[in-house]
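Please walk through this structure with the text below. The description goes from strands and sheets to the core and then to the pockets.

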Amino acid sequence: MDEEIAALERNQTWELVPKSTDVKPISCKWVYKLKRHSDGSIERHKARLVARGFSQQYGLDYDETFSPVAKLTTVRVLLALAASFQMKELGQLKHFLGLEIDRTQEGIFLCQQKYSKDLLKKFGMIGCKPISTPMEPNSKMCAHEGKDLEDTTMYRQLVGSLIYLTLTRPDISFSVGVMSRYMQNPKKTHLEAVRRILRYMKSTLDYGILYKRGGDCKVIGYCDADYGGDHDTRRSTTGYVFMLGSGAISWCSKRQPTVSLSTTEAEYRAATMAAQESTWLVQLLEDLHQPIDYAIPLYCDNLSAIRLAENPIFHARTKHMEVHYHYIREKVLQEEIILEHVKTDDQIADLFTKALSGRKFGMFCQQLGLVERKKADVEGKC
């Protein structure tokens, strides 16, 4: 507590002023927490002095709020750059917001092994039978099939915990995204599907992303769409992933906001979402003094969508699309993005749009930089 007070005063956190007669000060409270090592043992006791801000009234004490938050893509970009350029002066970063970070001879390894194990223990699945994929291929989930769950809170807690796990596990992004659609009224079939994800996590507890040392530090992207994949709304699913060097730094699996009228339209919308993320990544790298002086390749497996983005003439079949979906066309014409065709069998973004077979699923996971802890040359276990 003395250390906390000294740090607050050293950083000039506050300024002492006379109390006004018509103002009621906000009280403070001490919050105590244990900081633990990766194996769960206690590292040290922490004390934080916090203001009881909840006692304030909107419109009387404040008009707006602002809370800076860390976008985890930024963290992954920093780690990929640190591995590629073999940066040394980064200090001993081992844990950050529940993420485990290890520097090895191979590069930098990012995972959530302890979090995964604690999650299995919490929901009674630590002794479950492992399985090789998080979702059964060609499975069809519907909102109204199956019996109602007695405990919907547990389902929501479980899916929420899995969402946080996707920060380092792109391989479960699609399956967790699908199951999150049913949090309002989950059925028993949905719970069984979520338990399958946990069984997959049991078989891949020590998996994480390896950003290899050296190598070609180039940004490349893949985008894809599963046309009409949602059986309740017939909306398509957008999937994209961006790589920096050997590992994935940004990915998305998201149901599109409106129904697409063709496969081309669904793929075109997916390419637009990927282009928006590409623009943000370019700006981030410039802020980190790593400017990009080349057109970022974005791989798509739909030739019609590629031709549509490259053609400056609006055709009748594109009139119904919202104007903002032509953002990708502008970026292509400005040569900030180059759309490249890739075979469907080599489309990594497939992992974010549909459930895949074991062989294809495993191959794409490897291409994303997902490896076992031991293959990353990390000693010890969580």
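Buried here means under 20% relative accessible area, exposed means over 50%, and partly exposed lies in between, with a 1.4 Å probe and protein chains only. Helices (H or I, at least four residues) and strands (E, at least two) are DSSP runs, numbered from the N terminus. This is a predicted model, in which local features need pLDDT of at least 70 and side-chain atom pairs count only at pLDDT 80 or more, while totals for chains, interfaces and linings use all residues. Residues are numbered from 1 along each chain as its sequence is written, and side-chain values use heavy atoms, with hydrogens and water left out.

Strand β7 (residues 219–226) pairs with β10 in the parallel sense over two bridges, and Tyr222 stands opposite Tyr299 in β10. Strand β11 (residues 337–341) also pairs with β10 in the parallel sense, over five bridges. There, Leu298 stands opposite Leu339 in β11.

Both of these leucines return in the surroundings of Ile328. Contact means heavy atoms within 4.5 Å. Leaving aside neighbours within four places in sequence, Ile328 is in contact with Leu298 and Leu339, and also with Tyr268, Ala271, Thr272, Ala275, Ala309 and Ile337.

Ile328 also belongs to the largest nonpolar core, which has 86 residues. A nonpolar core is a set of buried Ala, Val, Leu, Ile, Met, Phe, Trp, Tyr and Cys residues joined through side-chain atoms within 4.5 Å. The residues with the most contacts inside this core are Leu162, Met179, Val241, Phe242 and Ile328. Helix α2 (residues 72–84) gives the most to the core, with eight residues. In soluble globular proteins, nonpolar side chains tend to be buried together.

Another residue to look at is Val178, found in helix α5 (residues 173–179). Is Val178 buried or exposed? Val178 counts as buried because its relative accessibility is 6%. Apart from neighbours within four places in sequence, Val178 is in contact with Met135 and Met141. Val178 and Met135 are 43 residues apart in sequence, and their C-alpha atoms are 10.0 Å apart in space.

Next comes an open sheet of five strands, with the order β3-β4-β5-β6-β12 and antiparallel pairing. Its edge strands are β3 (95–96) and β12, each of which pairs on one side only. Within the sheet, strand β5 (residues 107–111) and strand β6 (residues 207–212) pair in the antiparallel sense over five bridges. Ile108 has Tyr211 in β6 as its bridge partner, and Cys111 stands opposite Gly208 in β6. β6 in turn pairs with strand β12 (residues 370–372) in the antiparallel sense over three bridges.

Which residue in β12 stands opposite Tyr207? That residue is Glu372. Glu372 is buried, with a relative accessible area of 19%. Not counting residues up to four places away in sequence, Glu372 touches Phe109, Asp206 and Tyr207.

The pockets come last. A pocket is found on a 1 Å grid over the protein atoms alone, as an open set of points where a 1.4 Å probe fits, with protein on both sides within 12 Å along at least five of seven lines; lining residues have an atom within 4 Å of a point. Grid points are joined across faces, edges and corners, and a volume is the space filled by probe spheres set on the points.

About 610 Å³ of space lies in the largest pocket. Of the 21 residues that line the largest pocket, the closest to its centre are Leu34, Lys35, Arg36, His95 and Gly98. The elements that give two or more residues to this lining are β1 (28–36), β2 (42–51) and α3 (113–122), and β1 gives the most, with six.

The second largest pocket has a volume of about 470 Å³. Its lining has 16 residues, and the closest to the centre are Trp14, Glu15, Leu16, Ile26 and Cys28. β2 gives the most to this lining, with three residues.

Conventions. Two strands pair if DSSP finds at least two bridges between them.
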